Amino acid sequence: MKKIITLSSALMLCFSMSCTKNAEQKPASPAIAIRPITSTTFATSSSFAYGSDVSWVTQMEASGKKFFNKSGTQQDLFTVLKGEGITAIRLRAWVNPSGGYCNTADVVAKAKRAAAAGLSILIDFHYSDTWADPGDQTKPAAWASQSFTTLMTTVYNYTQSALSSLKSAGVTPTWVQVGNETSDGMLWQDGRASVGATNFKNFAWLVNCGYNATKAVFPSAKVIVHIANGFDNTTSRWLFDGLKANGASWDICGFSIYPSTSNWASINSQCLTNMKDMVTRYGKQVMICEAGMDVSAASTCKSFLADLIAKTKSVSGGLGVFYWEPEAYGNWQGYTMGAFDSTGKPTVAMDAFLH
């Protein structure tokens with residue numbers, strides 16, 4: 001059993017670097033007067049993440065789905081992806097999901113497989129029992145009636161416990177995402193940023209609970225705050241300005257990007273501009289945590305991904321690009337933006353990750 005810290009200790013850790021109060025922030029007026037950082041440099045690294053989120057893999061396997069390389073040879077999914085140039089795996093974490101998939105035990109099992117394949121790992125905490133995104137940030141049922149003070153402690157302890165389970169299994173994640181597509185905060189309504197100054201402050205403090213718990217277990221792991229629509233500079237500035245003004249700590253600005261077959265070039269260009277602004281404005285590194293396009297447009301998707309990877313690599317502090325659930329095929333869960341064909345083989349879209 002993992003050690004659970006006391007209430008007072010958790011609050012001290014959550015509150016650290018979280019005590020700045022400011023006037024109410026409104027989405028309609030996103031810009032906050034923060035002096036931009038005029039020069040930002042990061043240590044050069046050859047470890048750019050060519051990534052895939054494959055959180056569905058255990059559920060797909062249990063349903064009988066099999067995976068094959070381009071030659072038609074059946075292989076473990078992680079082996080197939082590694083052969084396609086993938087170097088990193090992203091895994092979502094749900095608190096108490098119906099059916100069990102993506103709970104801590106399932107995340108640890110998948111992470112062990114990824115680590116055994118020599119792949120880096122990104123853990124994506126949704127802080128929910130189910131999907132969290134810009135339109136849904138529902139508290140786990142077991143947390144729903146907690147006071148905000150208790151909620152902070154719970155976020156810290158849950159994050160620490162889940163990461164400690166990974167550590168006990170011999171897995172060290174490179175990145176940890178505190179919240180998923182938190183374009184309007186997380187753990188609503190307490191942490192819904194657009195409600196007002198108190199709620200934005202709450203969101204920042206919840207981010208710090210996740211950040212501090214992560215660093216307590218894995219000091220070298222980089223913590224990501226992830227939002228949707230990486231091309232949207234207005235929302236990006238509003239959200240990250242508000243976090244900074246309220247004393248939040250994070251290492252990486254993470255984004256999702258899902259363009260159409262007709263607008264991907266302009267969306268990628270806007271995303272590049274936004275990523276550069278994030279580096280300059282906050283001194284943070286940047287990452288595309290999710291990307292995707294309809295499986296029927298594999299050739300266009302390859303062009304989109306190759307361009308997005310090149311643009312992200314061109315940014316000082318650009319760390320990687322992750323495709324979201326490329327292994328989803330055969331209309332799995334109604335999702336049609338994977339990058340495997342109906343026979344379970346990678347499409348040409350995956351060639352964008354070869355390097």
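Predicted model: local features only at pLDDT ≥ 70, side-chain atom pairs only at ≥ 80, totals over all residues.
Which strands pair in the parallel sense over six bridges? I found strand 6 (residues 252–257) and strand 7 (residues 285–291). I count strands as DSSP E runs of at least two residues and helices as H or I runs of at least four, numbered from the N terminus; two strands pair if DSSP finds at least two bridges between them. Within this pair, I see Gly 254 opposite Met 287 of strand 7.

Numbering starts from 1 along each chain as its sequence is written, and side-chain values use heavy atoms, with hydrogens and water left out.

Next, the whole sheet. I get a closed barrel of eight strands, running 1-2-3-4-5-6-7-8 with parallel pairing. Neighbouring strands are turned by 25° against each other on average, direction ignored (axes are lines fitted to C-alpha atoms, for helices over the stretch in contact, with angles from 0 to 180 degrees between N-to-C directions).

Then I looked at helix 4 (residues 104–116), which packs on the sheet and touches strand 2 (88–93) and strand 3 (120–125); contact means heavy atoms within 4.5 Å. Its direction makes about 175° with that of strand 2. Helix 5 (residues 148–168) touches strand 2, strand 3 and strand 4 (175–178), and makes about 155° with strand 3.

Last, I checked which helix gives the most to the lining of the largest cavity. Helix 5 does, with three residues.
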